[in-house]
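Subject: Structure handover

Hello,

Here is the structure for you to look through. My notes on it follow below.

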Amino acid sequence: QCTDGYEWDPVRQRCKDIDECEIVPDACKGGMKCVNHYGGYLCLPRTAQIIVNEREEAAAESTSGRNNVIRRTPADPHRAPPNPTHQIQCAAGYEQSDHNVCQDIDECATGTHNCRADQVCVNLRGSFSCQCPPGYQKRGDQCIDIDECTLRPYCHHRCMNTPGSYYCQCNAGFQLASNNHTCVDINECDANNPCAQQCYNILGSFICQCNPGFELTSDRINCEDIDECRTSSYICQYQCVNEPGKFSCVCPEGYQVVGGRTCQDINECETTNECREDEICWNYHGGFRCYPRNPCQEPYVLTSENRCVCPVSNAICRELPYSVVYKYMSIRSDRTVPSDIFQIQATTIYPNTINTFRIKSGNENGEFYLRQTSAVSAMLVLVKSLSGPREHIVDLEMLTVNSLNYRTSSVLRLTIIVGPYAF
């Protein structure tokens, strides 16, 4: 809007002076002449001569010399009017200058305004205006703070009103964008990565995760190792060793890890046979042993592998078993009982003979029982659990008799090696 005495010029897009002398009929009375002026007009004697400093915005609008008004441009501000004959009279809000020209009074600069301390004085042509500073609105003669937060959604999340202004705040996990209004997500994983291991950004926050073998602590940020060995006593067959982020199974000497958790016996007789040439290597659960290739003791002689015979031509042999066969076997420690572990059987069957079986020696503690299963065979049964490492030598005797009172016996010397573990 334009102040009084001006109207809007739509072409120049600004306010222009209204020439009241042209539009107001009989503006001056008593023979006075009408002189247009910025924002108004003057009624002066017809003989009065007026010199007016022309401003740029009015120079093109005024008519030079009309009603004895001489207009000059600011290019010659010190040129005095020729032979001034009258002192000019200025309208309210104007004052006479040293050059006998009416000029605007800047009430804001001179302090002659009546604006309040919380208002801003704005000088106008011929007057002034009391306005409120930005962020305030006039209510009566007072300036009241505008609560921008109640007008429209200035802020994306939260609006904080302040005297004469406001500012925006964002929720946790967000930050203000460059426009100071919109809130954008903070990628905490790129900014400072608070997680000890893996960080995943989500809208307004983040979550931490741990590598395999670790778990989050109570602060949901740090990771601690999972002791898999404590979660179960059956995770490894022998021994579990916890490591950062994982675990491993180990086996005792004589065994190797199979499938990551199970222990399998190492056959040292095939890998690291340390027996002499006159010895045979016998592998058992968890180790090996060397036995002589010729186990026969006088008066027995070796007739075939592991079979010793006492010659009938030797008188000593009449009171001894005819043959002794050496056998070896391995069982695991703490084997369940009762358990069939070895079968003895006659290799030669004679007609009209009766075979009986018995444990001749090696069963002083009653760990074994011999059960005859047929006329020519018997089964050795383990009736007490054995713990290793340990070696048992059991002599199993087969006594053969016939109707002619013929009597002979054979011995099977069984060496039982009990391993140190139950696997």
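First, a term: rings of Phe, Tyr and Trp (its six-membered ring) pair if their centres lie within 6.5 Å; planes under 30 degrees apart count as stacked, over 60 as edge-to-face and the rest as tilted. By that rule, ring pairs join Tyr238, Tyr255, Tyr421 and Phe423 into a cluster.

Some ground rules. This is a predicted model, where local features need pLDDT of at least 70, side-chain atom pairs count only at pLDDT 80 or more, and totals for chains, interfaces and linings use all residues. Residues are numbered from 1 along each chain as its sequence is written, and side-chain values use heavy atoms, with hydrogens and water left out.

**Aromatic pairs**

The whole structure holds seven aromatic pairs. Take Tyr238 and Phe423: their ring centres are 6.2 Å apart and their planes sit at 70 degrees, so this pair is edge-to-face. Tyr238 is in the loop between α5 (228-231) and β21 (239-243), and Phe423 is in the segment after β35 (407-418), so the pair ties together parts 185 residues apart in sequence. Helices (H or I, at least four residues) and strands (E, at least two) are DSSP runs, numbered from the N terminus.

Buried or exposed? Buried means under 20% relative accessible area, exposed over 50%, partly exposed in between (1.4 Å probe, protein chains only). Phe423 is buried, at 13%. Tyr238 is partly exposed, at 35%.

**Glu367**

Glu367 sits in the loop between β31 (353-361) and β32 (368-372). Glu367 is buried, with 6% relative accessibility. Its side chain makes a polar contact with the side chain of Asn365, at 3.3 Å. A polar contact is a pair of N or O atoms within 3.5 Å; within protein, one must be able to donate a hydrogen and the other to accept it, and residues adjacent in sequence count only if both atoms are side-chain atoms. Leaving aside neighbours within four places in sequence, Glu367 has contacts (heavy atoms within 4.5 Å) with residues including Val381, Leu386 and His392.

**Confidence**

pLDDT is the predictor's confidence in each residue, from 0 to 100. The protein averages 88, and 91% of the residues score at least 70. Where is confidence lowest, and where is it highest? Helix α2 (residues 56-59) is lowest, at a mean of 39, and strand β33 (residues 377-382) is highest, at 98. Over residues 55-66 the pLDDT stays under 50, and the model has 18 contacts there beyond four places in sequence.

Best wishes
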